[in-house]
Amino acid sequence: MITLSEIEVETPKTLEEALPKIDSTRYRIIAGGTDVIIQMKEGTLPKKKLLNIYQLNELRYIRTDGENLRIGSLTSLADIANSREINEFATILAHAAGKIGSMQITSKATIGGNLGNASPSGDCIPPLYALDARVVVASTKGSREIPVKDFFDGYKHPDLRQNELIIEINFKRMDDGEDGLFLRHALRLAEACSVVSVSIWLRRSVRKAEFSDARIALGAVAPTVVRAYESEEIVKYGILDEDRIEAASNAVLGSISPITDVRGTAEYRRDIAVNLTYQGLHDLLARNVG
Ligand SMILES: Cc1cc2nc3c(=O)[nH]c(=O)nc-3n(C[C@H](O)[C@H](O)[C@H](O)COP(=O)(O)OP(=O)(O)OC[C@H]3O[C@@H](n4cnc5c(N)ncnc54)[C@H](O)[C@@H]3O)c2cc1C
């Protein structure tokens with residue numbers, strides 16, 4: 001356990017001032033602190049100086065840019081849940097952000113922190129996989145853009161180099177031909193991590209009850225969030241009837257490798273993953289055939 005007097009903090013006021021200081025061997029980045037402070041209290045973080053980026057207001061935005069939506073990494077989960085643009089053009093993400101923690105947590109917690117923490121139960125991550133989002137990271141040497149599905153190398157391990165900061169998440173806005181949702185199972189309604197979560201994105205085809213494209217992402221059932229590619233193939237093309245929904249839901253088992261922990265056994269997680277996918281596909285079908 002660490003005491004407050006032991007913590008050293010630097011607080012840059014601009015991105016220009018912050019970037020030269022980013023160095024994961026010397027500093028731990030802290031944004032909203034809702035993960036970092038808990039991990040420090042639990043003593044699970046190696047002792048390092050904190051680099052507090054919370055005052056970099058230039059990283060707090062939700063912007064439409066042509067067909068894309070751009071979200072600054074310091075945007076709070078409450079701002080995402082309440083944003084008109086996100087609710088209209090990335091409903092899946094608004095829905096997920098609205099289910100995280102309490103008002104006290106969501107007003108401090110940032111989307112960059114959800115990605116930086118890289119937990120497979122991070123609730124913003126499955127919707128970002130389903131939206132096929134990109135993560136923009138920057139250092140003094142420039143920036144690079146990484147598809148979110150490639151951003152996690154392993155459990156709690158984001159693809160961040162020593163001097164990089166997450167600055168933005170962007171993705172193509174959902175249009176009228178697309179629909180999606182986020183479902184999660186947690187042990188309580190609020191203040192609880194997901195035991196399993198599922199996010200589904202579908203593109204409607206010209207024929208009723210048919211979908212020409214699908215992305216299905218699952219959280220908390222593997223070391224990182226995973227795409228259920230086999231299920232997606234089953235959903236794509238052909239009428240989405242009961243048999244196809246059942247086959248696609250069962251097929252998620254080929255993409256996941258859950259563990260047993262305090263929140264549930266591996267077997268329980270497998271059952272929930274199949275059931276949430278089944279429920280999600282049913283709900284989307286019902287919504288889209290009227
Ligand atoms: C009571 C409680 C309930 C919670 N419920 C949920 C929940 O339901 N669902 C859920 O997903 N999470 C939940 N959380 C976890 C947490 O709130 C989220 O993960 C949140 O998004 C973290 O954001 P933050 O800004 O607070 O991150 P921080 O705690 O500041 O940082 C988290 C990690 O990301 C790194 N980091 C932060 N910003 C950047 C950046 N821009 N670039 C690079 N690295 C960065 C930090 O170094 C750290 O490793 C809960 C936490 C608490 C305390």
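Mentor: A nonpolar core is a set of buried Ala, Val, Leu, Ile, Met, Phe, Trp, Tyr and Cys residues joined through side-chain atoms within 4.5 Å. Buried means under 20% relative accessible area, exposed over 50% and partly exposed in between, with a 1.4 Å probe and protein chains only. The model is predicted: local features need pLDDT of at least 70 and side-chain atom pairs 80 or more, whereas totals for chains, interfaces and linings use all residues. Residues are numbered from 1 along each chain as its sequence is written, and side-chain values use heavy atoms, without hydrogens or water.

Trainee: Which residues touch the most other members of the largest nonpolar core?

Mentor: Among its 39 residues, these are Leu93, Leu115, Leu128 and Phe171.

Trainee: What makes Ser76 count as buried or exposed?

Mentor: Its relative accessible area is 8%; the cut-off for buried is under 20%, therefore Ser76 is buried.

Trainee: How do you know whether Arg227 is buried or exposed?

Mentor: Arg227 has 13% relative accessibility, and under 20% means buried, so Arg227 counts as buried.

Trainee: Why is the pairing of the Arg227 and Glu232 side chains called a polar contact?

Mentor: The term requires a pair of N or O atoms within 3.5 Å; within protein, one must be able to donate a hydrogen and the other to accept it, and residues adjacent in sequence count only if both atoms are side-chain atoms. The two side chains are joined at 2.6 Å, so the distance meets the cut-off.
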